[in-house]
Amino acid sequence: MKVKNYKKLAAVSVIAGSVLFSSACSDSDSASGNKTAGDKNTISITFRDGGGTNKGLTQWLNNDIIPAFKKEHPKANIKLSPISASEGDYFAKVALMLKSNQSAPDIVTEDTFMVNSDASAGYLEPLDKRIDGWDEWDHYIDNVKNGVKAQDGKTYGVPFNTDSRGLWYNKDVFKKAGLPVPWEPKSWDDILTAARTIKKKSPDVIPMWMNSGKATGEATSMQTFEMLLYGTEDPLYDKDKQKWIVNSPGLLDTYTFIDTIYKEKLGPNLSQVLNGQGGTIAYTQLMPKGKIGIGLDGIWQAGNYRKDGPAPWPEAFDTLGYAAMPTQKGQAPGTTSMSGGWAFSIPKKSDNKDLSWEFIKFVSTKENNLKLLLKENNLSPREDVSKEKEYLDLPMFKEGSEFLKNTHFRPSVDKYPSVSTVIQSTVEDVVTDKLSPKQAVENYKKNVTRVVGKDKVIER
Amino acid sequence: MDANPVISPSTAVDGGSSSRKRQNRTVWASILFLLPAWLLLLVFFIGPILLTFYFAFTNLSLTGSEAQATQFIGFSNFMNMFQDPNFRISVMKTVIYLLFSAIIGQQVLGFILALLMKEKNPAFRRVIGIIIIAGWVTPEIVVAFCWVAFLNDSGTLNALLQQVGFKPIAWLFTFPMASVIIANIWHGTAFSMLVFQAALDDVPKSIEEAAVVDGASRFQVLYKIVLPMIKGSVVTNMILVTLQTLGVFTLIYAMTGGGPGTATQTLPIFMYNQAFVNYQLGYGTAISLILLLIGVIVSVLYLKSMKVKV
């Protein structure tokens with residue numbers, strides 16, 4: 001009889017133990033997650049940081065925003081929960097976080113090209129009703145507002161910065177090669193001519209640097225491929241027909257331009273450029289040493305050379321110029337650019353949406369937005385900020401803001417991220433000479449069709 | 001050998017004379033005690049496997065409209081996969097990687113090392129053994145960093161080469177597949193060596209000596225006596241090394257990221273890219289099923305070809 005009691009006791013304790021064990025697990029889960037359940041005064045903010053990324057944003061939140069916001073809302077408690085990851089991994093991690101009640105933050109910074117995907121997935125809260133009662137929204141640039149609208153026509157974020165892309169060039173290198181300064185290329189041929197001249201006159205200088213590999217991810221799609229493609233007559237996506245253009249003269253010409261750069265050895269060594277760190281090395285090491293003639297990249301690269309940047313270079317803005325990217329043959333409007341930027345969004349699974357919205361409104365005022373952009377080296381999404389003197393005095397901001405006039409945004413269609421990876425791999429295949437430009441178009445057509453479906457593509 | 005540990009203690013205690021009722025009760029008690037373990041296995045092991053099977057037939061996505069409305073799409077993922085040139089490339093790369101780094105590299109090299117060290121001075125055995133095992137106990141990500149530092153454009157190897165007057169070579173870029181294969185061999189050989197050492201130590205010396213007395217050459221002894229005797233270990237090791245190598249992700253991802261282009265894009269890398277870079281979780285899961293299938297097929301082939309029972 002004694003033995004039997006023992007067994008019963010043991011069985012009960014094992015079961016009780018396992019129940020306790022599992023509940024202990026779930027307890028520690030919620031403690032380490034971002035959930036602020038029940039606490040109406042705490043909001044958590046998720047953004048990307050680490051390795052020098054978003055230093056300006058972090059400082060701005062810590063020094064300018066949070067203390068000031070607490071003055072207005074004494075009970076409020078703002079928790080920063082940054083993610084330290086590469087850009088691509090950040091999006092995957094955010095998507096995973098937003099999926100679960102346990103981990104969803106109250107505010108998340110979204111790259112505007114992911115807004116539509118995450119909104120279509122039901123991860124984000126539409127903000128239209130809240131925005132209706134908010135006058136500041138009228139000060140936002142229309143083009144930028146479209147960037148945070150999803151396919152369903154609703155707005156899912158409040159942009160806090162935007163950007164533009166163009167041609168960085170080294171005036172010393174240009175003068176040495178006998179090229180005109182300031183440089184105003186009128187067509188792709190002008191760019192090629194300049195690159196060829198540099199190669200001839202200064203063989204140790206890389207004439208033209210552009211992101212060209214899978215490792216540089218979205219930078220390859222946007223800074224290189226789309227900057228070229230949107231200078232042709234054929235965009236990536238036909239907005240009216242709502243279909244992807246998978247075969248067009250523009251596509252072929254874009255691949256041909258990339259091919260020409262590498263075939264004539266006007267670009268960097270492949271082992272340099274097909275590396276995830278390629279862009280960083282180019283702008284923090286090679287550019288200051290005068291080893292690059294032209295670089296196709298974004299306005300934010302200027303931030304590298306500031307006193308508190310990763311590669312301080314006091315003479316940077318006497319030496320460097322920033323020219324607008326010309327259209328292919330100089331056709332109207334003459335120049336082109338691509339813009340992206342980041343926005344604050346509220347996850348659907350946030351349990352503190354009202355305070356989150358208060359916070360977003362607070363950080364988005366003219367004064368606070370200006371404070372951020374003075375730290376961050378990105379362009380402002382607000383018209384009134386871009387008229388401020390302090391802002392226009394930032395190096396290259398006048399030029400960079402100019403480019404916004406003819407800028408394009410990436411299609412806000414939820415398959416864009418997948419199409420973008422097809423772009424990256426075909427560009428790398430062209431650069432490594434695995435595919436000719438013609439084969440690249442074929443390959444692009446095949447793979448995009450596979451990703452988006454046969455009924456979603458057209459040829460031109 | 002096949003005695004059932006669950007039943008045997010009760011029969012031993014109660015003997016055959018006890019009532020059926022009592023026996024039933026012990027069975028129930030055993031089940032009750034095993035229940036937590038079963039539940040854990042079910043929830044954390046069987047459940048995910050079944051879910052994997054299910055997800056492989058859906059368009060499950062990490063973000064985008066499909067994340068909200070996941071649909072059952074039948075064999076579309078698999079049809080897609082077999083039409084995808086990148087998938088074919090990845091299978092080829094996986095086979096090459098497996099052949100050279102696991103079967104030829106780790107297995108053969110591990111065997112040779114074990115053979116060379118057999119019956120050598122114990123001090124010598126210990127020193128060499130520790131050096132080789134150091135590669136094995138090093139975490140995969142650390143191994144990757146060591147090799148990147150070694151093969152880098154301005155890495156150790158190039159520094160040495162320059163000393164001797166050679167031009168530096170971008171190893172990871174020019175010979176990406178060879179680089180990751182060598183790194184994996186460096187990392188994994190110790191395991192094979194240990195398995196073979198244990199197996200070789202079990203071969204009785206008298207049999208070998210008898211063969212030599214009968215006039216067998218050293219090669220004949222190895223080929224006709226030793227190898228057949230350790231066949232079981234060879235197959236076990238082959239299976240373990242193959243399955244381990246099929247799943248290598250960290251090493252390749254950290255060293256080359258699967259590139260340049262698709263040069264080192266093995267199936268695990270391809271799967272990661274589809275699932276977490278392209279956000280197509282369903283498709284990624286389908287690829288993982290194929291990977292599982294390859295592992296099973298290869299293991300069965302080893303067992304059949306060597307006629308070993310497990």
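The C-alpha centres of domain 1 of chain A and domain 2 of chain A lie 27 Å apart. The model is predicted, so local features are given only at pLDDT of at least 70 and side-chain atom pairs count only at pLDDT 80 or more, whereas totals for chains, interfaces and linings use all residues. Residues are numbered from 1 along each chain as its sequence is written, and chains are lettered from A and ligands numbered from 1 in the order in which they are written.

In chain A, domain 1 covers 42-163 + 340-409 and domain 2 covers 165-339 + 415-459; domain bounds come from an automatic or database domain assignment. Contact between these domains involves 22 residues of domain 1 of chain A and 22 residues of domain 2 of chain A, two residues being in contact if their C-beta atoms, placed from the backbone, lie within 7 Å. On the side of domain 1 of chain A that touches domain 2 of chain A, the elements giving two or more residues are α3 (87-99), α4 (112-120), α17 (397-403) and β16 (407-409) of chain A. Helices (H or I, at least four residues) and strands (E, at least two) are DSSP runs, numbered from the N terminus. The residues on this side of domain 1 of chain A comprise seven nonpolar, twelve polar and three charged. In this division, Ala, Val, Leu, Ile, Met, Phe, Trp, Tyr, Cys and Pro count as nonpolar, Asp, Glu, Lys and Arg as charged, and the others, Gly among them, as polar.

Chain A contains an open sheet of five strands, in the order β3-β1-β5-β15-β6 and with mixed pairing. The edges are formed by β3 (77-80) and β6 (158-159) of chain A; each has a single partner strand, so one side of each is left without a neighbour in the sheet. Strands are taken to pair if DSSP finds at least two bridges between them. Strand β5 (residues 107-111) of chain A runs antiparallel to strand β15 (residues 342-345) of chain A, and four bridges join them. Across this pair, A:V108 stands opposite A:S345 and A:T109 stands opposite A:F344. β6(A) also runs antiparallel to β15(A), with two bridges between them, and A:V158 has A:F344 as its bridge partner in β15(A). From β15(A), A:W342 and A:F344 point one way, while A:A343 and A:S345 point the other way, and all are buried. A residue is buried if 20 or more other C-beta atoms lie within 10 Å of its own, exposed if 12 or fewer, and partly exposed in between, with C-beta atoms placed from the backbone.

Helix α18 (residues 416-431) of chain A has 16 residues, which at 1.5 Å a residue should span 22 Å; its end C-alpha atoms are 22 Å apart, in agreement. The expected span is 1.5 Å times one less than the number of residues. Of the 16 residues of α18(A), 16 are buried, so the helix is largely enclosed by the rest of the structure. Just after α18(A), A:D433 takes a positive phi of about 70 degrees.

Further backbone features lie in loops. A cis peptide bond, with omega about -5 degrees, joins A:V181 and A:P182, and A:P182 is in the loop between α7 (171-176) and α8 (188-201) of chain A. The bond from A:A332 to A:P333 is also cis, with omega near 0 degrees; A:P333 lies between β13 (325-326) and β14 (335-339) of chain A. A:K265, which is not a glycine, has a positive phi of about 55 degrees and is placed in the loop between α10 (249-263) and α11 (270-273) of chain A. A:K265 counts as partly exposed because it has 13 C-beta neighbours inside 10 Å. In chain B, B:Y279 has a positive phi near 65 degrees and lies in the loop between α15 (267-277) and α16 (281-306). B:Y279 counts as buried, with 27 C-beta neighbours inside 10 Å.

Chain B is divided into domain 1 (8-55) and domain 2 (85-306), whose centres, taken over C-alpha atoms, are separated by 39 Å. The contact between the chains takes 24 residues from chain B and 29 residues from chain A. On the chain B side, α2 (20-55), α3 (65-68), α4 (76-83) and α15 give two or more residues, and α2(B) gives the most, with four residues. By class, this side of chain B has twelve nonpolar, ten polar and two charged residues.
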